[in-house]
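Colleague: Could you walk me through this model, one question at a time? I would like the cut-offs as we go.

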Amino acid sequence: MKFTKRGNAPSMTAPHTTKRMMNDIIACMLILSIIAIGTQWYLGGSEAGIQAGLLIVTAMVTALVTEAILLLVKGEKQPLTKLFRTYSIIPGLMLVLIVPVGTPMWVVAVGTIVAIVAGKFVYGGLGKNIFNPALVGRIFITVAFGGLLTTTLAGAIDGVSAATPLTHLASLQNIGTQSQIVEQYGMVNLLLGLYPTALGEGASIAIILMGIYLMIRKTIDWRIPVMMVGTVFLMTYMIGIENNMGLWYPLYHVMTGGLLFGAIFMATDLVTTPVSRSGRFIFAIGAGVLTVTLRIVGGMPEGVAWAILAMNAFTPLIDHFTMGKIRFNAISTKMLAVIATTATVVVAMTLYLGTSAKTAKVDAQAKELKRQEMIKVKAEKQVQVLNQVADGDTITYEVQTKGFSGNFIVYVTITTTTNTIAKVEVLEHKESAGYGKDVIESDFMQNFNEQTIDDVNVDTVSGATITSDAIIKAVNKAISTIETE
Amino acid sequence: MRILSELFKLGYGVHIPGDKKHLYDQELQWYLDPKYVYIPLTNHVKHGLRSLVKVGDYVKMGQKIGERADNIYAALHASVSGTVVGIDKYLHRSGNYVDCVVIENDERYKQVEELEQACCLESQLSSQEIVDKIRESGVVGLGGSGFSTYVKYVSTNEIDTIVLNGVECEPYIATDHNILLNRTDLVFEGLKIMMHAANAAKGVIAIKQHKKPLFDYLVQFAQEYENITIIEVPDAYPMGWEKVLIRQVFRKEYDRLPADAGIIVNNVATAVEVASAIRGDLPLIYRTVTVNGPAVEKPQIFRVRIGTQAKELLALAGYKANVQQVRLIAGGPMMGTIMESDEFIISKGVNAITCLIEETVDGQRPLELPEEPCVRCASCVDNCPAGLQPVNIMIAAKFGEAETIQQLEAKACIECGLCTYVCPSKIPVTQWVREAKKVMNGGK
């Protein structure tokens, strides 16, 4: 029998491999890609679905081609075997899942190249990078081509990017009622990811299920997502309470804006997070606090991306700080200091953010009131009586008013004996067909007839609010003129 | 506070499949007639113990033939009677070739006379007398450490509990299980003597959970003894390391020795030898050893004389037909040393012989796994029972940063091998930590 001459204990290894961990992540990304195509198809039709598919394929192909070229440049002997051992497809897939569907394909390609070259290769490849490669790519394209990252397809009818839940929230200064904030999308849609957002970030339920699967498989450390999401939940819950908002508010923050995707797939990236558990504690809570901060005072939908990248930058420092042997017997002063500091930061930031959100909301509301006041005053100035002609029992007022496409004249005839409106007419106008023109030519004008001038009751017409309102204002002006005489 | 401790729960080990259930109800095989025995002049820590005999001398069974007189005392005894035919170098379980006293067995097993006198009860002996007897009998830690047992009982002022370690957390080994089943009375007697020697109030025997028949048997046995309890611990590695064991059972930590926590930990096999020594039986000249592993045809547990060559047992156990090359290990697969030949000596510290398949007949090499780059997954950090950061120690070793290694307290590593075991990239992390220790000691 031959015996092994040399070797070192131990001679056994666990069945767990890096390959398995990476394949787990790739599988999750592919499932999310399929969900993304389905979601886009549902929201924007076949065109959007196909566009999503094309973006995902672009990212995968670009990632593999880029890595292949880099391997050839490096002079790798077995480039093909190595190609599937560097797992470059992961940053490609992650990147495409955190861009919106309207992003041009070439932007995704550029982002992927940046992710792999600047995010990974320059540091020495797998295991050596400091920042999450996909986030490096995402932030690069945000900064370089921000305007192109739209949630609707280029060439779509209205051509404007639909508001994501967080831009919508930011437009309300982060504070509002449930109907203002949630009903815009609907609670069920928010849960299912059926709203404008990045390709893979919306499917909250799917992402949570995948997270649990990965935690059970020990591919990711459950502490990071739980603590990061927990921090965001806790902080937004407190901010919600401070501003009279219910449990829906923290849930809205947790479900939207890519927090779950970021916490489960990106903040758990093995390479760019601290190695010690206490280090990961600091990392996860720090990322949570930064996310809420960037969302509330920064008003950035990409708060999660920036927060994780910032904490990536701190990882070497955290690692250095938490270096050394763990003392199992006692909570060390260092650990107490960390816990106390973290708790203080969370509480202080919550109080600060809650208050500043409140102030911002009050300011914004005051501004809005003032603006509406000004508009009213301005509008009233534009409505004026040009002429009046008495003819027996009736007086006809020639009133100028402001419509959608400029001023026009309304003739209001009032019977003085009965104090009723005889008729309202518009002779010349430039209001557009399909909207204001239709109103003027419709029965709407007859609604005024025979109404008592003390109590004119005519509603504006939806779809042509400005025109109908202009007519109502002209009538009221005429009435107020007759009453003062 | 519970949530916090859950968040940071560390250092309780990892379950490793043991592959030893088939040995639990195996009969003990006696292999007591080797032609030659080779008594290594070492106590594992220090080689070159003083030989008390020379070539040509006739020795009796149980006769002291070697000792270490400095610092920590160690005694070696002849395990057969016969003639000393040489003092030559043979392969020892440390992987080195060390001087061994070779005795040709005359198969008459003549005992030393003074050992034939009747025994005494431990209650008639003082603590000091017990310690002296243990010392003279050459009893060492039989779990694998080979550390002289009496040392633990020299100063016992603060000791309140004696723990008998029957956890046996390494895969493939069932030596302690067999001893607990077959030599139960001696285990309990030994524990009683140890408690008496250390003036300890309590005695604990720790075994792994999921061994219901053994547990029930021991619990029943313990009813006849006062203050002895049987405790089950999780089936995890390295639960048998006294630090982890004490952490698990008593929720206590200590810095240097278990005695700091008022506890002495001994292997169950050691307790048997203590009982034998006090009863006036023979000194330590036998031991139980498991021969197991995927390459073994008939895994067995043997009772052998100290100094038997491993190849004699391996010949009885046999190799499987499809094995081309064997990785032979003195001890278990996690901490045992790889032996370059089957001629190594079963010394006091060899509790098992593990045979892994290095290469099959059709050229497969199951132990060779491709190494991948470290992705800093921190599995090694999360699982280190000593609370170290192996990945950081490895990086510091690669850069030769002695100071960083010192800060990372690499010397607290017991080389349990768990970091290599859990590494998903199949990096020999434990070996890197060994390198780090060399760097720290000045590149040697």
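Colleague: Which strands of chain B are included in what covers the buried residues of helix 6 of chain B?
Modeller: This is a predicted model, where local features need pLDDT of at least 70, side-chain atom pairs count only at pLDDT 80 or more, and totals for chains, interfaces and linings use all residues. Residues are numbered from 1 along each chain as its sequence is written, chains are lettered from A and ligands numbered from 1 in the order in which they are written, and side-chain values use heavy atoms, leaving out hydrogens and water. Helices (H or I, at least four residues) and strands (E, at least two) are DSSP runs, numbered from the N terminus; contact means heavy atoms within 4.5 Å. The cover includes strand 9 (161–165), strand 10 (202–208), strand 11 (228–233) and strand 12 (263–267) of chain B.

Colleague: Which residues of helix 6 of chain B are buried?
Modeller: Buried means under 20% relative accessible area, exposed over 50%, and partly exposed in between (1.4 Å probe, protein chains only). Within residues 242–250, the buried ones are Lys243(B), Val244(B), Leu245(B), Ile246(B), Arg247(B) and Gln248(B).

Colleague: What residue follows helix 6 of chain B, with a positive phi?
Modeller: Its phi is near 55 degrees. The residue is Arg251(B).

Colleague: How far apart are the C-alpha centres of domain 2 and domain 3 of chain B?
Modeller: Domain bounds come from an automatic or database domain assignment, which gives domain 2 as 119–278 and domain 3 as 379–440. In contact across this pair are 5 residues of domain 2 of chain B and 5 residues of domain 3 of chain B. The centres lie apart by 30 Å.

Colleague: Why does the radius of gyration of chain B agree with a compact globule?
Modeller: The radius is taken over C-alpha atoms, and the globule rule is 2.2 Å times the number of residues to the power 0.38. Chain B has 444 residues, so the rule gives a value near 22 Å, and chain B agrees with its own 22 Å.

Colleague: And what is the radius of gyration of chain A?
Modeller: For 485 residues, a compact globule would be near 23 Å. The C-alpha atoms of chain A fill a box of roughly 130 × 50 × 30 Å along the principal axes. Chain A has a radius of gyration of 31 Å.

Colleague: What percentage of the residues in chain B is buried?
Modeller: Chain B has 13 helices and 17 strands. Of its 444 residues, the buried ones make up 60%.
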